[in-house]
Amino acid sequence: MNMKHLIFKYFNFLIAATLLTSCGLYNKYHRPDEVNTQGLIRDLVSDSDTLQVNSDENFGNLPWRELFTDPQLQSLIEKALENNTDLRNAALNVKMMQTALTVSKLAFLPSIAIAPQGTISQVQMDGASVSKTYQIPIAASWNLDLFGNLLSQKRSAQMKLLATKDYKVAVQTNIICGVANLYYTLMMLDEQLAILTEMEGLTKETWDMMKLQMELGRARSTSVQTAEASYYSVQANKATIRQQIREMENSMSLLLNEAGHQIERGKFYNQSLPSNFATGVGLQLLSNRADVHAAEMALAQCFYDTETARSRFYPNITISGNALFTNSLGTQIVNPGKWILSAVGSLTQPIFQHGQIVAGLKVAKIQQEQALNNFQQAILKAGNEVSNALVAYNTCDEKSQLDEKQVTIYEQNVEDTRMLYTSKGSSYLEVIQAQSGLLNARISKVTDDFNKMQAVVNLYQALGGGSK
């Protein structure tokens with residue numbers, strides 16, 4: 001066997017071995033087995049158990065128009081989704097990532113360049129003729145992606161695009177739920193203002209009655225002063241509520257990308273929200289929560305970045321071709337011109353790069369590990385938010401029922417003490433205490449009912465609602 005044959009055989013063996021060792025570079029991302037998706041939601045009664053819901057339905061899958069049925073609220077949400085600056089910027093980010101993905105796909109195609117040239121020359125001698133030469137060079141270069149460098153970069157760009165789309169969905173969810181919460185806040189403040197207005201009339205009536213009793217010698221001036229102070233206290237609370245209403249309207253206007261203005265809204269107790277929820281199991285959180293899915297896409301992107309870093313250890317194979325159409329063939333000028341063709345293949349194997357390739361792979365692996373930790377944290381955070389929203393709803397519902405009982409008792413207590421006072425069976429202090437208790441109970445009832453509404457919205461957001 002001659003030397004030429006041995007060299008050829010060794011070269012083929014080297015190529016085959018290199019291709020075999022590079023098989024791992026074409027792996028696709030799969031969710032790691034160590035990611036914990038079990039026991040994410042705590043049981044509402046037991047402190048040690050977790051909630052297991054086997055229903056295939058998920059409250060987070062409900063389209064937002066089916067959850068928020070108030071026509072005025074729907075109109076505000078639609079306006080916010082159309083005008084909100086954050087959502088517009090998120091959409092522009094998606095377009096930028098789509099452009100970056102297109103560039104990574106075009107990297108698989110050859111690069112082509114053309115640079116036409118022409119010259120005119122004349123020798124200053126008698127009878128000399130003008131020489132005209134031209135050339136049109138075309139150069140093409142193609143990187144053979146045998147070791148997955150371009151492929152992993154393309155897949156990384158795809159994951160980044162998906163994460164950017166997830167961010168847009170998360171912004172959309174935040175806007176929908178933010179508008180709903182502000183809308184319910186405004187109606188809650190309206191209800192509290194109505195209660196304070198009613199109490200204002202009641203305390204004014206008590207104050208007038210105290211003044212009349214003092215004129216008849218049945219009450220002291222201190223009683224009148226206390227009743228008057230109670231009246232002014234209610235008026236001060238009304239001023240605070242009006243300020244909060246104005247601030248909430250300005251916040252809503254900002255979400256709508258508009259200058260501050262009055263917000264048209266319905267009545268607090270005319271709202272209808274569901275009371276039974278199917279939360280789904282842990283894996284459903286992964287598909288519905290845009291931020292959780294974005295965290296996984298970030299992990300997948302780091303996985304492909306690691307593949308890219310690993311591919312840099314392998315040769316870079318490039319095929320270059322050149323074509324030249326010219327009429328200048330050395331010492332001869334011919335017309336028409338002729339084609340000159342050439343092709344070259346090159347292989348560049350990195351050997352020593354000052355540790356940059358090794359360091360790049362180590363950094364990529366560390367970043368992938370960080371992304372895995374972030375993904376796990378996003379899953380746990382999602383389960384935590386669902387648990388908090390569920391327990392908040394149940395607690396506020398229980399408190400609202402207790403508040404209703406208190407309101408009934410205090411309403412009767414106010415009526416009884418007023419009748420007793422007119423018949424000298426009670427003191428002015430009992431009347432004011434009864435009125436104060438009724439005011440606090442009614443305000444607490446409205447607040448707990450609002451917190452129950454807010455818990456529904458927060459649960460919907462925690463389950464990834466608002467994407468449909």
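The expected span of a helix is 1.5 Å times one less than its number of residues. The exercises below apply this and related rules to a predicted model.

**Exercise 1. Helix lengths**

Task: Determine how the reach of helix α8 compares with the span expected at 1.5 Å a residue.

Solution. 
- Step 1. Helix α8 covers residues 290-311 and has 22 residues.
- Step 2. The expected value is 32 Å, and the helix reaches 31 Å from its first C-alpha to its last, which is close to expectation.
- Step 3. The check can be repeated for α6, which has 35 residues: its reach of 52 Å is close to the expected 51 Å.

**Exercise 2. Packing of α5 against its partners**

Task: State how α5 and α6 are oriented to each other, and treat α5 and α8 likewise.

Solution. 
- Step 1. Helix α5 spans residues 149-215, and α6 spans residues 221-255.
- Step 2. The axes of α5 and α6 come within 8 Å and cross at roughly 165°.
- Step 3. Angles over 145 degrees count as roughly antiparallel; α5 and α6 are therefore roughly antiparallel to each other.
- Step 4. α5 and α8 pack with their axes 8 Å apart, at an angle of about 165°, and therefore this pair is also roughly antiparallel.
- Step 5. As to handedness, α5 passes α6 in a left-handed crossing, and the crossing of α5 and α8 is left-handed.
- Step 6. A pair of residues illustrates closeness in space: tyrosine 167 and alanine 294 are 127 residues apart in sequence, but their C-alpha atoms are 6.9 Å apart. Tyrosine 167 belongs to α5.

**Exercise 3. Burial**

Task: Decide whether tyrosine 167 is buried, partly exposed or exposed, and describe the covering of α8.

Solution. 
- Step 1. Buried means under 20% relative accessible area, and exposed means over 50%.
- Step 2. Tyrosine 167 has a relative accessible area of 45%, so this residue is partly exposed.
- Step 3. Helix α8 is mostly covered, with 17 of its 22 residues buried.
- Step 4. In α6, the buried residues include Val224, Ala227, Tyr231, Ile241 and Met252.

**Exercise 4. Aromatic pairs**

Task: Classify the ring pair of tyrosine 29 and phenylalanine 303, and then that of phenylalanine 268 and tyrosine 269.

Solution. 
- Step 1. Rings pair if their centres lie within 6.5 Å, and planes over 60 degrees apart count as edge-to-face. The count by this rule is nine aromatic pairs.
- Step 2. Tyrosine 29 and phenylalanine 303 lie 6.1 Å apart, centre to centre, with 65° between the planes, so the pair is edge-to-face.
- Step 3. This pair links distant parts of the chain, 274 residues apart: tyrosine 29 is in the loop between α1 and α2, whereas phenylalanine 303 is in helix α8. Both residues are buried.
- Step 4. Phenylalanine 268 and tyrosine 269 are likewise edge-to-face, at 4.8 Å centre to centre and 85° between the planes.
- Step 5. With a relative accessible area of 2%, phenylalanine 268 is buried, whereas tyrosine 269, at 42%, counts as partly exposed.
- Step 6. Ring pairs also join Phe68, Tyr183, Tyr184 and Tyr460 into a cluster.

**Exercise 5. A backbone angle**

Solution. 
- Step 1. Most residues other than glycine have a negative phi.

Conventions
Residues numbered from 1 in each chain as written. Predicted model: local features only at pLDDT ≥ 70, side-chain atom pairs only at ≥ 80, totals over all residues. Heavy atoms only, no water. Helix = DSSP H or I, 4+ residues; strand = E, 2+ residues; numbered from the N terminus. Buried < 20%, exposed > 50% of the residue type's maximum accessible area, 1.4 Å probe, protein only. Phe/Tyr/Trp six-rings, centres within 6.5 Å; stacked < 30°, edge-to-face > 60°. Axes fitted to C-alpha atoms, helices over the stretch in contact; angles between N-to-C directions. Parallel < 35°, antiparallel > 145°, perpendicular 65-115°, else oblique. Left-handed = near helix turned anticlockwise from the far one by under 90°.
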